[in-house]
Every structure is written in C-alpha cells, then in structure tokens.
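Student: I would like to learn how to read a few features of a protein model. Can we take them one at a time?

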Amino acid sequence: MLDKETLIIIDGSSLLHRAFYALPLLSTKDGIYTNGVYGFLTMLYKITDEYNPKYLCVAFDMKAPTFRHLEFDLYKANRQKAPNELSLQFPILKEVLKAMNINQIEIEGYEADDIAGTVARFGEEKNLNVILVSGDRDYLQLASDKSKVLVTKKGITELEVFDKEAMIDKYGITPEQFIDLKGLMGDKSDNIPGVPGIGEKTGLKLLKQFGSIENIYENIEEVSGNKLKESLIEYKQQAFLSRRLAEIVTSVPLELNLEELKYEEPDWERLKGLYEKLEFKSLIEKIPKDKIEINIEYYSSEFILIESEDKFQKIIDEILKSKEFAFKFVYGDENILKSEILGIAIKPKEHSTYYINFDGNELLLNFQNSFKDIFEREDILVSGHNIKNDILGLFKLGIKISSITFDSMIGEYLINPSETDYSISKLSNEYLNLNIEKEEELLGKGKNKKTYKVLSVDERGQYFAKILDLVYMLEDKIIGIIEGQGMKELYSDVELPLAEVLASMEYYGFKIDVEILKELGSEFDKEIDNLTKEIYELAGEEFNINSPKQLGEILFDKLDLPVIKKTKTGYSTDAEVLDKLKDKHPIVENILKYRQIVKLKSTYIDGLMNLVDENTDRIHSSFNQTVTNTGRISSTEPNLQNIPVKTEEGRKIRKAFVPQDEDYILIDGDYSQIELRVLAHISDDPKLKEAFYNNEDIHTKTASEVFNVPKEEVTSIMRSRAKAVNFGIVYGISDYGLSRDLNISRKEAKEYIDNYLKNYKKVKEYMEEIVESGKKEGYVETILNRRRYLPELKSRNYVVRSFGERVAMNTPIQGSAADIIKVAMVRVYKELKLRNLKSKLILQVHDELIIETYKDEKDEVKEILKNTMESSIKLNVPLKVDIMMGDSWYETK
DNA sequence: GCGTTCACGC
DNA sequence: GACGTACGTGAACGCA
C-alpha cells in the first residue's frame, strides 16, 4: 500500500447525512446550521491525515430522478425528505470543498454511489489504492483486492474498514455476492422489496449454499423449507429487479482525468474566511500558520513601571480616590506557594496600570508595609482574574484581603459551567472581540512550559496591564448577565468569598505523617512482591501485569478464560470482568488484589509522598472552583477528594493524614444524606420528607417501599439494593448502570426504578417536570440559581438525549448540595476568622469538611461546624451533620 | 506527547 | 432493536 498512490472517493451526500444526525444541531450566531458540515470536515481531516491521498474527490446525489426510479417507480418512495436544517448545509459544504480545491462530481440520473463506483473502477485500472468512504453499507459491494471501503461505525470518528478479505471474514460472502444478498433481502430505506420472508440471516445462508441468485433458481428444489421455496418462486421477478436496483453502476458516463482528481492545496485565505463565517474555531487552528496572513490585531495597553517606593504613595492615593482597583501578581514558578513574586500589576479603576517590579526583592518588603492596609480595607473593592492565585500571594505576604468584588473567571463559570477554557484571552475574545496572547503562546505548554522569568520586565508589565484593562472591561458585561440570571447572591455571597476559603485551605494544607506513609508503602511493596510471584507462577511465565494488553493475552489466549467484554483495542480486563472470572482460575483473584495494592502504592503512597513539602511535611492540594459542571469543587496535585475509604487496606492511608502536632486534633463534619434531603426538598415528596423528619435509615425505608415489605422484614440484600437505587437517583445513573452495579438484569433494574418512582410520587413528578423545563428553557438550576445548560435534551440521538435527561434530573440535586456546603464553608471560615481562632478549615470532600482544630478550641469549633453546616441553607427537611474527631483522618469515621 | 485502560472517591 | 450510558483525577502503558 505504501508504494502505491492513494485515491479517496467520498460519498458526500451520505457522509453529510451521517454527520448531521451524529452531532447536536449547531448553528452560528447568524443562525446558519453547521453541525453536518463540521462533522463531515472532522471526518475528512481524519481520513486524509491517515491515508495521505494523492487523489481525492467527493461525489454527490442529484435531485433529478435516476434510472432506478424509471425502472421501479416505488424506488425510494418511502424516503422522508431531509429536514431543512440538513438540506441547507449541502451548499455550504460544497462551498467549503471548493475552497479546498477538492473535486466534486455529480451527474444527472445517477446517485453518488454510482459515481463513486465508477471512479473506483477507474482508479483500479490506474493501479491506485482506492478508498471509498460512506455512511452506507451498500458500498461493501465495491470492496475488492484494490479497493477498500470505509463505513462510519458510530458517531463521526470511528470508521470500519472493509477490504475483500474483511468482508468474507465478517459476512462469509464476497463483495459481488453482497449485491445478490440485497436482491434477496431488499432494503427498507430505499424501498427495495427483495423477497418477502428473507432477511440477512436467510439471505446469507442461501448465498453460502448456492453462491448466487441465478444458482438458487437453477437449483430451487434443493432449497430447504417449503415456505421459503414458495416465496422465492413467487417473487422471482422481484428478486432480480431488486438486485438490479441494489447494484451500484460502475459505468457512469464520466470523463475522468487523473490530473483533475489530484488533491491539491486549498485556497487557504478563502478557506479561513469560510471557517470564520461558520465559526469553526478548531478548524482554523488546523490551517498551517505560514499559509495565512496572521492578521490578529492584538489589544495593547500602557503601563507605568515602578522600581522604587517613591511612587507608592501616588498609587495608594489614586486607589483611595477611586475606591476600586484590580491587581495581579506575576509569579516566577507554576507552584505559587513555593514561587518568588516577580512583580505585581495594579490598576486603580479609571487610572493607568502600574507594574511594580520586585526583582531583587528589597522593594517587596516595602510594598507589603505600604499596601497591606489598602488590601485589608473593607470599603475598597478589588477585582481580578482567577483571584484565588493572587490571594495566595497576599497570604504569603501576611496580607488578608477583604473586599473582592469581581473575578472574571468565576463570573464566567457561573454563566456557563460547561466551558473548559476560562482564560482571560478567551473571555476578551468572546465578550469584547479583543485579542491578547494566550499564556500558552508566551510560555509554551506541557513539559516545556516556561515561567514568566523568560519575559523581560517590560513584557511582563505590558501583558499584565492588558489583563487588568480587560478585567475592568469584562466586569460590567459579566456582572450584568449574572444579575439578569438571578445569580447575584450566589456570585457575591458564595463564590467570590469561597475563593479566599479555598486559597486558605491550599495555603495551610494537610499535615502528613511521612513515617506512616513509608511503613505502609513497604507493607504494600511486600504484598506486591508476593502477588507478582504467585501470578507469574500461575501464568507459567513472567509478564507485565500492569499492561492490560499483556494481561489479556495471558488470561484469554494462554489460559483460555472466556472473554466477557472487549474494548476498542482488545480484551477488557477491568474489575467487572475479573470478578466474573473469579471461580474460573485462581490467578484472577491474585490479579484483582494486585491491581488494588498497586493502585494504593503508586497513586496514594508514592503520589502523595512526592507532593509533601519537605520543610513542613504538609500537602498543599489545589482546589479548583471552575471545573465541574454541577458546581462542585475539584482537587488536584494531589486529589484529596478520592483518598481511599472503602477497603480497610486503603483506608489505612488516612492514618497518615494528621494534625500538625499534639496540640491539635482533626474535627470532621459530614452531611448525612445531603443529596436525598435536597431531593426531598425540591420534590416536596411527603414520604421522603417523613423519612428525614423521623430520622429513619433511608436505605431501609426505601427498601421497604420498593420491595413492599415492613421495615422489620427488610433483608440486608434488599437494603443494599435500595441503597444502589438511591445512589442511582443521586448520581443520575441509568437502568443499565444500576443493572451493572447490582449484577441484575436491566429489566429488573428498571423495575426497581419504576417501583421507586411509584412510591415516591412527587419525586416522579419532579423528574418529569425538570426534564420538561430543561427542554423548554435550555437549562436547569440549583437552589441558588446556579445554571447548567443542557443542549443534549434536544438531541435526536437517543443516547445523548437520555444522558441530558439524567443530567437534568441530577444537576439540581448535586448542584444544590454543592451550594449548601459552599455556603457552609464560607460561614465556617468567616466565623473562625472572626473569633480569631487558631483552628483552620483545611479540606472539603463534597459533603464533608475537616478542621484542623486547636485542642483548647475543640468544643467551640465542634459547635460552629455543626451549627453552621446544618443551618447553611434552610430546606423543608432538616439537614443533619455527624461530627467526628480524631488524631488522624482514619479515626474520624 | 497523547490516547487508552484502569481505579479511586462522592 | 441498537445505541452505550454520573463526574473528576491520576498512574501506567504503548503508540507516535
């Protein structure tokens, strides 16, 4: 294949159809529908990248009737007209292809597949590698020794490859016989009748036995089954007609010329123009930079460089006058806590930006003294972008910030929590149509990411001055939207103050007893050693157990265990599969154990150890406020929100999480069933509310309702199944997910869910209403009006739509729970600060808060934590918090 | 470097 | 009747 040149022929009509139905209906701000074109181009790029063709063309159907219509007037008679949203995209696609200089072929009286077939034969004659691309399986008849057929599998990214051999492998018939097969079974979508009673199975059987339709009729007596025989005889004519209709014509009168099929260089400028009009940002990125004029106009800004304290008073006076300023630190390292501060940009509102350069550091001390008061005054409003990072800088300088009034990053997150890029460059482009360099462009990314040290002092000043200008330009717009959507309180009273709380949690960190970690680590190592030996012995050879590929070969090829599930790349070996193979071979149990211990060792022992600050023995995780779709916070480096708890061995890791010294103790407040309480509140379901008023065991209660037995008769199996149902309600899993979790049939799982909803009628009503309103409004909301947009609800794709529905039901529950704990965090933090306590809030794990508590303050802190958490947001059911104490996180259970 | 597979918590 | 099914983080593998 490599030595031959490649010709790719794409069925444009078919592929645009596929792409249109695979993607949600996207449109530009001018209302041009683009999803099909976008999907088509994604596939086109993928295919050309992979096969690097020398020749390429796209075939289209024409509206005019074809010879098939003339022969059979019912041909495609039942075909529904394509929706307008799709038809409108054909001319757009053709325009894009034209800009790409790609040959388009259409001809009256023939369909795209006939054109494709004809071009394919032409390519074969010229001894080219021919690749046909379509969303239609009819193309399989064109596969040959020289031609491959790519058929879309699912979505838009996966293509199934068929050559002649692959066809025989999969269907047991040749491409030519495929035409006979269609003649026999017909094709519903084209209204080709075929022979009644014959489907794919019978058709394949007949062809494997007889080879062709002619041969079937020549040996009709040998056909087994009277009914089948009669049907064949009666519909003989129809069978031959159907075959003629199904056969792709490879002799369309085309004047083909290899030179014209050449895949040439696009008209880049024109293409870029089209992509811009269609808002295909990711595709614009694909255009080689040297091919187009880079005419991005960068926003520019002025700044005043300050390198001595003489001017400090002038800046302070300006701030005092305008009562508002924006600022941002420039750090010399990714890790802010360890980083030196290179400088700070400060912009008193309506004034120029100052860039104070601290290089050399003498000035920093002076800055601290002069500006402390300004930051700590409550009547001066402070704005910024990703201000948590700047609060950390202030903490390092011993400054406590007071009045944050705007953070463009957090603001945009509230406007749309589903974005992934909240950078200032993105926001300015979206809202202001102004461009500044992305941080990535200045510093690079990944392993080679540099620090701001590579920029000159002047460049640093310029860049950060731009940022502060943009922050102020964004402020009114973003605040306006937030207020318009009823999120003012959420923004000002919860999210903005929370940034400081998170900064404080990062700043203080969690003390780690490194010795305990080390000891646990060597225990795990010993166990891994033993397990490794046993596994090698049982396998009869040494291999890399960590490699799913090698493990799969051992289990399923060598040991011949039954294959339960496959992944894209081979055998699946996940816990679910291994669980089912447990009694088939003793090696399986060892592998499960091995996986568990290796996970603990690598992620939680080695991973944590690497992140312990060697001076203080503390771990400083990053808490991110703008990641999740639901409003939860996330934690990275390390993720402290997934420290093991379920198995005893894993839970031991928590013994290493300790208070700073013997004067301190950990106090842990844990919301009991917060999501189900939120559900009781939102749905106002009397039964569910009653359970919480009476402080009942909710899973037992659910079991008694779902299985219709008195509570005393609920067995432990019933309870655990009910627990899974409650879990499903809270996390929005499907009947499929529930059936998998409980290892029961999907039907049974569905019964459980239906039964649940039958008992909790108002929950059912809520679920129906929220989906309805989500569809109508385009979004759902939490108790504090936090929004999540759900375009998935309008998808024509069942899977996507169902996903949207579950998210619609789940987000108000999970998101409101997030609202509740965030409010509690802000208040607990404020209270500890107000009372000047030594105790600090150091961790949040979704429904749990941990305070590193000074022992003398123990009772006070306990009360603050419990009361604040329970009274955070008033629901129409009580919130319940369990308080626990211990000398390690392990003990607070 | 990047996608895939697996596993941990809520 | 199939579709392929909570989220977020991280480690290791294996391909490029």
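Tutor: Start with a pair of facing residues: Ala326 stands opposite Ser383 in β11. Keep in mind that this model is predicted.

Student: Which strands pair here, and in which sense, parallel or antiparallel?

Tutor: The general idea comes first. Strands of a sheet pair through backbone hydrogen bonds, in a parallel or an antiparallel sense. In this case, β8 (residues 324-331) and β11 (residues 381-384) are parallel, with 3 bridges between them. Another 3 bridges link β11 to β12 (residues 404-407), again in parallel. Ser383 also faces Phe406 in β12.

Student: What is the strand order in the open sheet of 3 strands?

Tutor: The order is β14-β13-β17, and the pairing is antiparallel. β14 (618-619) and β17 (657-658) are the edge strands; each has a single partner, so one side of each lacks a neighbour in the sheet. Between β13 (residues 510-512) and β17 there are 2 bridges. Lys511 has Val658 of β17 as its bridge partner.

Student: Which residues point which way from β22?

Tutor: Again, the general idea first. Side chains in a regular strand alternate between the two faces of the sheet. In β22, Glu848, Ile850, Glu852 and Tyr854 point one way. Leu849, Ile851 and Thr853 point the other way, and both sets are buried.

Student: Which strands pair with β22?

Tutor: One is β18 (residues 664-671), antiparallel to β22 over 7 bridges. Ile667 sits opposite Ile851 in that pairing. Another is β21 (residues 840-844), also antiparallel, with 4 bridges to β22. There, Lys840 has Glu852 of β22 as its bridge partner.

Student: What joins β21 to β22?

Tutor: The two form a hairpin with 3 residues between the strands. His846 is in that loop. The phi of His846 is positive, about 65°, although the residue is not a glycine. His846 counts as partly exposed because its relative accessibility is 22%. The cut-off for buried is under 20%.

Student: Let us turn to helices. How many residues of α18 are buried?

Tutor: An α-helix has 3.6 residues a turn, so residues three or four places apart point the same way. Helix α18 (residues 388-396) is mostly covered, with 7 of its 9 residues buried. They are Lys388, Asp390, Ile391, Leu392, Gly393, Leu394 and Phe395. Just after α18 comes Gly398, with a positive phi of about 75°.

Student: Next, a loop residue. Is Thr628 buried or exposed?

Tutor: Thr628 counts as buried because its relative accessibility is 18%. Thr628 sits in the loop between β15 (622-624) and β16 (634-636).

Student: What does the side chain of Thr628 reach?

Tutor: There are two backbone atoms to look at. The Thr628 side chain reaches the backbone oxygen of Arg632 at 2.6 Å. Setting aside neighbours within four places in sequence, Thr628 contacts Tyr413, Pro417, Ile633 and Ser634.

Student: Which peptide bond is cis?

Tutor: Read omega. The bond from Glu637 to Pro638 is cis, with omega near -5°. Pro638 is in the loop between β16 and α28 (648-651).

Student: Which residues line the largest cavity?

Tutor: The lining consists of Arg68, Tyr75, Asp113, Asp138, Asp190, Ile192, Leu245, Ala246 and Ile248. By class, the lining has 5 nonpolar, no polar and 4 charged residues.

Technical notes: Residues are numbered from 1 along each chain as its sequence is written. Chains are lettered from A and ligands numbered from 1 in the order in which they are written. This is a predicted model: local features need pLDDT of at least 70, side-chain atom pairs count only at pLDDT 80 or more; totals for chains, interfaces and linings use all residues. Side-chain values use heavy atoms; hydrogens and water are left out. Buried means under 20% relative accessible area, exposed over 50%, partly exposed in between (1.4 Å probe, protein chains only). A polar contact is a pair of N or O atoms within 3.5 Å; within protein, one must be able to donate a hydrogen and the other to accept it, and residues adjacent in sequence count only if both atoms are side-chain atoms. Contact means heavy atoms within 4.5 Å. On a 1 Å grid over the protein atoms alone, a cavity is a set of points where a 1.4 Å probe fits but cannot get out, and a pocket is an open set with protein on both sides within 12 Å along at least five of seven lines; lining residues have an atom within 4 Å of a point. Ala, Val, Leu, Ile, Met, Phe, Trp, Tyr, Cys and Pro count as nonpolar, Asp, Glu, Lys and Arg as charged, and the others, Gly among them, as polar. Two strands pair if DSSP finds at least two bridges between them.
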